[in-house]
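Welcome! Here is a short briefing to read alongside the sequence and the 3D view. Please take a look at both before going on.

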Amino acid sequence: MGWFKRLKDGIQTATRNKKEAPEGLWYKCPRCSETVTRKELRENFFKCPSCNYHERIGSQEYFNLLFDGNFEEYEADMEAVDVLQFKDLKSYKDRLKAAKKKTGLNDAIRVARGKLNRRPLLVACMDFSFIGGSMGSVVGEKIAFAIDEARKTRTPLLIISKTGGARMMEAAFSLMQMAKTSAKLSQLAKAGVPYFSLMTDPTTGGVTASYAMLGDINLAEPEALIAFAGPRVVKETIKKELPEGFQTSEFLLEHGFLDFIVDRSELVERMGDLLHLFESARTPQN
């Protein structure tokens, strides 16, 4: 009779009065299916507490993680222009408008200057949420600006890559950014200013073929996909089965493409050590 008593005493809640949990409160790991609150995920550096899966995060999260406190953003209002009047399923202009509305960003990269462990650092960080983190003219121009600023002020530069490659809607204009950023980085190297490249999941296409692999120190997050072409394209080209774990950061480290892999929770400490080492190397000895 327990169920009858609950109905009689008004304990049961009508369906129309039931409340659902707020959207976005919970996070389910795509790898191990562990469910935790978003708050727990954030406190654990946006990593799964169970399997250490590194969730994709954006520029704001990286800036909050890396910088001691306040930071200054550069060229925040720079926006792409639809020079080619490109249109596929919908126009490039409409795609840009939709991406800005969805993400609150003006393009797929942000550049900021602040201090990490009280040492100055310039960070250019890509956002995968903006048209797949694709590299167009704005991305190339912002990176060129960051490199020039680093060279002018002799401030170490960190570029965080998270991208699907060059932006097809800008055709050759996007491909030109590969040569542009690579040439700028050669100027930075000649000036003796350190450049660190952090590759996160995913780092692919023209970005991998240019500035992402040109760091004085190349580092990556665990299990990040790092490649020029996708595994299907590579397999069809070489007509062979690919090794297990092919194109992961662990595979690349084993084959000499990376200097080391860094867990996100250790990123600040490791970058602090690198800044200290490079600063010591540049300081004249008495």
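Let us start with Arg154, which follows helix H5 and has a positive phi, near 55°. Helices (H or I, at least four residues) and strands (E, at least two) are DSSP runs, numbered from the N terminus. This is a predicted model, in which local features need pLDDT of at least 70 and side-chain atom pairs count only at pLDDT 80 or more, while totals for chains, interfaces and linings use all residues. Residues are numbered from 1 along each chain as its sequence is written, and side-chain values use heavy atoms, with hydrogens and water left out.

**Helix H5**

- H5 covers residues 137-153, and its 17 residues should span 24 Å at 1.5 Å a residue; the end C-alpha atoms are 24 Å apart, which agrees. The expected span of a helix is 1.5 Å times one less than its number of residues.
- The buried residues of H5 are Val138, Val139, Gly140, Lys142, Ile143, Ala144, Ala146, Ile147, Glu149 and Ala150. Buried means under 20% relative accessible area, exposed over 50%, and partly exposed in between (1.4 Å probe, protein chains only).
- These buried residues pack against strands S3 (72-74), S4 (109-116), S5 (119-126) and S6 (157-163), and against helix H6 (172-190).

**Helix H6**

- The 19 residues of H6 should span 27 Å at 1.5 Å a residue, and the end C-alpha atoms are 28 Å apart, which agrees.
- Ser174, Gln177, Thr181, Leu185 and Leu188 are the buried residues of H6, and they pack against H5, S6 and S7.
- Gly192 follows H6 and has a positive phi, near 75°.

**Thr204**

- Thr204 sits in the loop between strand S7 (195-203) and helix H7 (205-208). Its relative accessibility is 15%, so Thr204 counts as buried.
- The Thr204 side chain reaches two backbone oxygens: that of Thr163 at 3.0 Å and that of Gly164 at 3.2 Å.
- Not counting residues up to four places away in sequence, Thr204 touches Thr163, Gly164, Gly165, Leu225, Ala227 and Phe228. Contact here means heavy atoms within 4.5 Å.

- In an unreviewed entry, UniProt lists Cys29, Cys32, Cys48 and Cys51 under "binding site". They span 23 residues in sequence, yet no two of their C-alpha atoms are more than 8.7 Å apart, so they gather at one spot. UniProt positions are given in the numbering used here, feature names are shortened, and annotations may be inferred rather than shown by experiment.
- Cys29 lies in the loop between strands S1 (26-28) and S2 (35-37); at 1% relative accessibility, Cys29 counts as buried.
- Cys32 lies in the loop between S1 and S2, and at 31% relative accessibility Cys32 counts as partly exposed.
- Leaving aside residues up to four places away in sequence, Cys29 touches Glu34, Cys48, Cys51 and Tyr53, while Cys32 is in contact with Cys48, Ser50 and Cys51.

**Two domains**

- The protein chain is divided into domain 1 (23-55) and domain 2 (56-281), with bounds that come from an automatic or database domain assignment.
- The C-alpha centres of the two domains lie 24 Å apart, and 7 residues of domain 1 are in contact with 10 residues of domain 2.
- Between them, the domains bury about 840 Å², 50% of it on carbon and sulfur atoms. In domain 1, Phe45, His54 and Glu55 lose the most area to domain 2, together 61% of what that side buries. Buried area is the accessible area (1.4 Å probe) that two parts lose on being put together, summed over both.

Note on methods. A polar contact is a pair of N or O atoms within 3.5 Å; within protein, one must be able to donate a hydrogen and the other to accept it, and residues adjacent in sequence count only if both atoms are side-chain atoms.
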